[in-house]
Amino acid sequence: MDHLHVPDDGDNAFGRHLDATDRRNFLRWSGSAAAAALLVACDRSPTESSEALGLSQAGSTAAASGGVRIDLKDDFGILNFAYALEQLEAAFYTQVIRGFYGGATQEEQRILRDIKQHEVVHREFFQAALGGAGIPRLAVNFSAVDFGSRNSVLGTAVAFEDLGVGAYNGAAQFLRDGGYLLVAGKIVSVEARHASAIRDVLGRSFAPKAFDPAFTFEQVLRRAAPFIATNITLVNSPTAGRAGDQALAEEMVS
Ligand SMILES: [Fe+2]
Ligand SMILES: [Fe+2]
């Protein structure tokens, strides 16, 4: 069996963009007809300039100004949902490291730089893998974040990381392709380490519970929406009307 080539954990892999072989491996490995069709459409490479687009403020990304519809009827919809979250995280940390808040320690700067690199790789991975089936670049809105404030930056970071963990946990059960499930597992474990690292510098419990929450798509979108200027509409959500891990959600994402 071919194996999906996911950037490894070495520092030299940080920030490396996926090449055509990465994308081919991702899609071939899934073994589905839909993936094969995607391969044909998947001919664009991520570029550094796309990172700048990820920082576009409210309403400034023409491609996304009309809103985005994510159809969760199949794996590609779920992967697009993950792509949306990774776009949000990558844009946030990119802005954080552009000018650290006052008093940021070397340790905090190192952690935030490392997380930023991971998030950019996650975002570029989904962009490359989804190709023409991917949603456009979203416009973000960080007007509620004070990037000069340690509490604001780290508080937002831990909220995003906990949200990411609960999002992957909640979404993975709906993936039909075992290959995608493996990828989700490889990413959620990193998201959980991000959450732990930020929680640690904030003096919070590194892992408040023995079980992390599994959020519904609706729970995730409700929490992420204030930071995303592009309007996102979910279609065919398998969790519509479900409660999800509400109590845990409130406790974890505060
Ligand atoms: Fe991520
Ligand atoms: Fe993360």
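Biologist: In which loop is the place of D245?

Modeller: This is a predicted model, in which local features need pLDDT of at least 70 and side-chain atom pairs count only at pLDDT 80 or more, while totals for chains, interfaces and linings use all residues. Residues are numbered from 1 along each chain as its sequence is written, and chains are lettered from A and ligands numbered from 1 in the order in which they are written. Helices (H or I, at least four residues) and strands (E, at least two) are DSSP runs, numbered from the N terminus. With those names, D245 has its place in the loop between β2 and α9.

Biologist: Which residues is D245 in contact with, leaving aside its neighbours within four places in sequence?

Modeller: Two residues are in contact if their C-beta atoms, placed from the backbone, lie within 7 Å. The C-alpha atoms of D245 and P213 are separated by 5.8 Å, although the two are 32 residues apart along the chain. Leaving aside neighbours within four places in sequence, the contacts of D245 are P213, A214 and F215.

Biologist: Why does D245 count as partly exposed?

Modeller: A residue is buried if 20 or more other C-beta atoms, placed from the backbone, lie within 10 Å of its own, exposed if 12 or fewer, and partly exposed in between. D245 is partly exposed because the number of other C-beta atoms within 10 Å is 19.

Biologist: Does G241 count as buried or exposed?

Modeller: G241 also has its place in a loop, between β2 (232-235) and α9 (246-252). Its C-alpha lies 8.5 Å from that of E218, and the two are 23 residues apart in sequence. With 7 C-beta neighbours inside 10 Å, G241 counts as exposed.

Biologist: What is the phi of N236?

Modeller: N236 is in the loop between β2 and α9. It has 11 C-beta neighbours inside 10 Å, so N236 counts as exposed. N236 is not a glycine, yet its phi is positive, at about 55 degrees.

Biologist: How far apart are the C-alpha atoms of S149 and G103?

Modeller: S149 is in the loop between α5 and α6, and it counts as partly exposed because it has 14 C-beta neighbours inside 10 Å. Along the chain, S149 and G103 are 46 residues apart, and their C-alpha atoms are separated by 9.2 Å.

Biologist: Now for the helices. Are α6 and α8 roughly parallel or antiparallel to each other?

Modeller: Axes are lines fitted to C-alpha atoms, for helices over the stretch in contact, and angles run from 0 to 180 degrees between N-to-C directions. Angles under 35 degrees count as roughly parallel, over 145 as roughly antiparallel, 65 to 115 as roughly perpendicular and the rest as oblique. Helix α6 (residues 150-172) packs with helix α8 (residues 217-224) at an angle of about 155 degrees, their axes 9 Å apart. The two are therefore roughly antiparallel.

Biologist: How many nonpolar residues are in the contact of α5 with α7?

Modeller: The axes of helix α5 (residues 106-130) and helix α7 (residues 178-201) come within 11 Å and cross at roughly 160 degrees. In the contact, E108, I111, I115, H118 and H122 in α5 meet I187, V190, H194, A197 and V201 in α7. Ala, Val, Leu, Ile, Met, Phe, Trp, Tyr, Cys and Pro count as nonpolar, Asp, Glu, Lys and Arg as charged, and the others, Gly among them, as polar. This contact has 3 polar and 1 charged residues, and the number of nonpolar ones is 6.

Biologist: What is the mean pLDDT of the chain?

Modeller: pLDDT is the predictor's confidence in each residue, from 0 to 100. In the chain, 71% of residues reach 70 or more, and the mean pLDDT is 80.
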